[in-house]
Amino acid sequence: MSGGPSRSFAPSPETLHAASRLQRHIDWGRGFWLAFVFTKSPPQAHILQRRLQRALEGREGESRTQRILRPGTPVELGRTLRQLLDGDAAGCTWIEAVRGGTVDGPAWTDAWVRLILRANERRELIRDRLAGGLVFVAHPDLKPELRRAGPDLWSIRNFVFELPAGAELEDSRLDGAELASEGLEERFEGVLPSFVDPVLLDEDVRRSRDLLEYEGLAEQARTKERLAERLSAAGRFEKAAETSAEVVAMYRVLASQDPAAFEPELAQALSNLAVSFVQLDSHREAHRASEEATYILERLVYDQPAEERSEELLPEFARALSTLATAASRMGRLSDALESDRRAVSIRRGLAEERPQDFLSDLAGSLNNLGNRLSIVGQHEEALDAMAEAVEIRRGLVEERPGELLPDFAASLNNLGKMLGDLGRREEALRITQESVDVRRALVEDQPESFLPSLAYSLNSLGIRLSEVGQLEDARQTSREAVELYRELAEKKPDVYAPDLARSLTNLGNRLGELRRHEEALEVAEQSVAILRQLADEQPEVYLGDLAHGLNNLGIQLAHRDRPDEALLVTQEAVSIHRVAAEQNPSGTLPDLAGALSNLGNRLSDLGKTEEALEVTREAVEFCRTLAEQRPHEMSSNLARVLGNFGADLWRASHGEEALEALDESVGIYQRLADESPGAFRSGLARVLGLRGVVQTAMGEHAKALKSFAEGLRAIHPVLAEFPETFQPLTEEIQKGIVMASRAADLPLPDDIKVLLPAAIADA
C-alpha cells in the first residue's frame with residue numbers, strides 16, 4: 001500500500017541525554033542494572049536502543065550483546081519474563097511495547113501490569129540471572145500503573161527516562177537536488193563532537209582518579225582510553241590528547257611484556273592519539289602517531305602466515321590509514337594521502353561486501369575523503385566517481401538511519417556539487433547544492449546550534465552555484481543569508497567563525513559586484529579584508545591566502561568607485577602573496593595568481609601604465625592557458641576572461657592584429673561556454689564581442705565590427721531583460737557601436753537587431 005512520504009525523526013535532546021547517561025553507566029558500571037523508559041515515540045526508543053548497542057560494543061571483557069524483545073501482542077508481552085529468565089547472558093535485555101499515540105486498550109495495560117507484578121516477585125532471581133542491564137520501554141500513560149505493580153522493582157531501578165518525540169524529517173525534503181561549495185569539506189572520522197553531558201563527564205574525570213589507584217596497568221590504560229574518547233567527544237581536545245598520550249605510554253610497556261596481547265591495543269591507542277592531534281591541528285604529530293599505528297597493524301594483518309593473520313584488525317587498520325591520509329594531506333603530502341585513502345577504500349569495500357550493515361557507512365566515508373583528495377590534485381573525473389558512490393551509499397543509509405547519517409549525507413552532497421561544477425556541469429551542481437541546503441535546513445530546525453555552521457557553509461556554496469548559472473539576484477540573497485548566519489556565529493565564537501565570516505563577506509562582495517552594486521560591494525569587501533588582515537597577522541601560514549583573495553576583490557571594487565591608486569596598491573599586495581604561495585604549491589595556487597595578475601593588468605591600465613599592464617596580463621594568459629589545458633572544465637572561463645583583458649591591453653599598446661587574435665580566441669571559448677550554460681556566460685561573451693567590435697572599427701573593418709556588435713547585442717539581450725540596471729550600460733555601448741559600424745560600412749541593420757534597438761536609434 002502506497003502512502004505519503006516516509007517519516008523519520010531526529011533524536012530529541014532528552015534521548016541524547018538518556019544515551020549519555022547509559023553510555024557512562026556502561027563505561028563504569030558492573031553487574032545488573034535496571035531502567036524504565038516511557039515514550040509515545042517508537043523512533044526515539046529505537047534511537048536510544050541503537051546508541052545503547054554501540055555503548056555495549058565498546059565495553060571490555062563483558063558481554064557486548066543486546067537481546068531485543070518487541071512483542072507484537074499482549075499475549076507475547078506476557079511471555080517475555082520467561083524469555084528473560086531462560087535466555088543466555090546478554091549485556092542488556094530490551095523489552096519494548098510502544099505502538100505510538102495512545103495506549104492500545106485494556107489488554108495491553110493488563111499485560112504490562114501482569115509482567116511487572118511477576119517481575120517484582122522474581123526481582124532477586126532476575127538480578128542473579130542477568131549479568132547486565134534490563135530495560136522496560138512502555139507508554140507514558142502506564143507509568144503510575146507500573147510503579148504500583150512493582151514497588152520493589154521500582155526501588156532498585158537505576159534510571160527512569162521520558163522521551164518526547166524528536167523533530168520530524170520528511171524524505172520529500174531530500175527530493176530535488178544536491179550541493180557544491182567553494183571549498184571541500186573533509187569529514188574526518190572522530191572529529192565532530194557528539195552529545196556528551198558535561199556534568200556527567202566531570203564526574204567521570206573525578207571517578208577515574210579514584211579507580212586508577214586500585215587498577216593494574218592494563219585496566220588503567222583501558223579506563224583512561226574510555227575517558228579520552230569521552231573528552232574528545234565533548235570537544236576537550238587538548239585534555240583528550242594528553243590522556244591519549246598517557247594511554248599510549250601504558251600500552252608501550254604492556255606490549256613490550258606481551259606483544260601478542262597488547263600490540264593491537266597499542267596500535268588502536270596510537271590511532272586515537274593521532275585523531276586527537278588532528279583535532280588540535282598538530283598534523284606532524286598526527287602523522288607520526290598514525291604512521292606507527294599503520295605499521296603495527298599492517299604487520300599484524302599481513303606479515304603473518306595465512307592461518308595466523310588477525311583479519312579482525314582490518315577495520316582498525318582502515319581507520320588508521322584514513323587518519324594517516326588526513327594528516328598527510330594537511331601537511332601537503334597529497335600523493336601519500338591518496339595512497340592511504342585508496343588502501344582504506346579497498347579494505348572497507350571488502351568489509352562492506354561481507355557485512356554491509358556494519359561497514360557501508362565507513363566505506364562511504366573513505367570514498368568521500370578519496371574524492372576530496374583526487375579533486376585537490378585535479379583528477380576530477382575519478383574524484384566525481386568516488387564522491388557519487390559515497391552519495392549513493394549515504395542516500396541509501398539515510399533512509400534507514402536518518403538521525404545519525406543526515407549530516408554526513410549533506411557533506412557528501414556538498415562535495416559532489418563542487419566536483420560537478422569543476423567539470424562544467426553547472427545545472428547539476430546547482431541542483432545538488434540546493435539539496436544539501438534543504439537537508440541542512442531540516443537539521444537546523446531540530447538542532448540549530450549543531451548545524452547552523454554547516455547550513456551557512458552550504459548557503460555560501462549555493463550562492464556561488466547560482467551565480468554560475470546566471471541567477472544573480474538569487475545568488476545575492478543566498479550569499480547575504482550565509483553572511484548573516486556567520487555574523488551571528490562569529491558574535492558568539494569569534495575565534496572559531498571570524499574566518500568563515502570573512503570568506504562569506506568576500507563571496508557576497510562578488511555577488512554584489514556582478515549586479516553592479518559597487519558601493520555595497522566595496523563596503524562588504526572592506527569588512528572582509530579588515531577581518532582577514534587581523535587573522536593573517538596572527539597566523540600568516542593559515543590566512544594569507546584568504547587575505548590575498550579579499551585584497552583582490554577589494555581592488556576590483558575600489559576601481560569601480562574611481563579610486564585607482566588605492567586599487568592598484570591592494571591588488572599588488574594580493575599578487576605578491578599569491579606569488580609566494582604559487583612557488584610553494586603551484587598546482588593549487590596558480591589559478592589564484594593568474595586571476596590576480598589579470599586584475600593587476602586592469603589596475604595598471606586604469607592608470608595609463610599600458611606597457612606594465614601588458615606585461616602582467618601576458619603572464620596571466622600564459623598561466624591560464626596551461627591550466628585550461630590541464631583542467632578545461634574548470635579553467636576555460638578564466639582563460640576567456642583573461643584573454644579579453646589581454647586583448648584590451650594589446651589594443652591600448654597599439655598591437656591591433658595581436659589584440660584581435662586574443663579577442664577572437666576569447667569569443668570562441670565564451671561561445672562554447674554560453675552554449676552549455678547561457679545564463680552564466682552571455683554577459684562575458686557580449687563584453688568581448690563589444691570590445692572586438694571597437695578594435696575592428698578602429699582598424700577600419702566596419703562590416704566585421706557590425707557583425708561583432710550585433711552578436712554582442714543578441715547575447716546580452718536575454719539577461720538585460722532580467723537585470724536591466726546591471727547590464728544597461730554595456731548594452732548602450734554595444735547599441736552605439738552597431739549604429740556607428742552600420743553607417744561606416746554603409747550596411748543596413750539586420751532585421752532582428754532593429755527590434756532590439758530603441759526606436760530613436762533604429763530609425764536614425
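This passage describes a sheet with its packed helices, and then a pair of helices, in a predicted model.

Five strands form an open sheet in the order E3-E4-E5-E2-E6, and their pairing is parallel. At the edges lie strand E3 (66-69) and strand E6 (159-163), each of which pairs on one side only. From one strand to the next, the twist averages 15 degrees. Strand E2 (residues 33-39) pairs with E6 in the parallel sense over five bridges, and here Phe36 stands opposite Val160 in E6.

Two helices that pack on this sheet can be followed next. Helix H1 (residues 13-28) touches E2 and E6, and its direction makes about 155 degrees with that of E6. Helix H2 (residues 42-57) touches E2, E3, strand E4 (92-96), strand E5 (133-138) and E6. The direction of H2 makes about 175 degrees with that of E4.

On the H24 side, the residues making the contact include Leu544, Leu547, Leu551, Leu554 and Leu558; on the H25 side, Ala567, Val570, Ala574 and Ile577 are among them. By class, the contact of H24 with H25 has 11 nonpolar, six polar and two charged residues. Glu566 and Glu573 of H25 also take part in this contact, as do Gly545 and Asn552 of H24.

Terms used. Residues are numbered from 1 along each chain as its sequence is written. This is a predicted model: local features need pLDDT of at least 70, side-chain atom pairs count only at pLDDT 80 or more; totals for chains, interfaces and linings use all residues. Side-chain values use heavy atoms; hydrogens and water are left out. Two strands pair if DSSP finds at least two bridges between them. Helices (H or I, at least four residues) and strands (E, at least two) are DSSP runs, numbered from the N terminus. Axes are lines fitted to C-alpha atoms, for helices over the stretch in contact, and angles run from 0 to 180 degrees between N-to-C directions. Contact means heavy atoms within 4.5 Å. Ala, Val, Leu, Ile, Met, Phe, Trp, Tyr, Cys and Pro count as nonpolar, Asp, Glu, Lys and Arg as charged, and the others, Gly among them, as polar.
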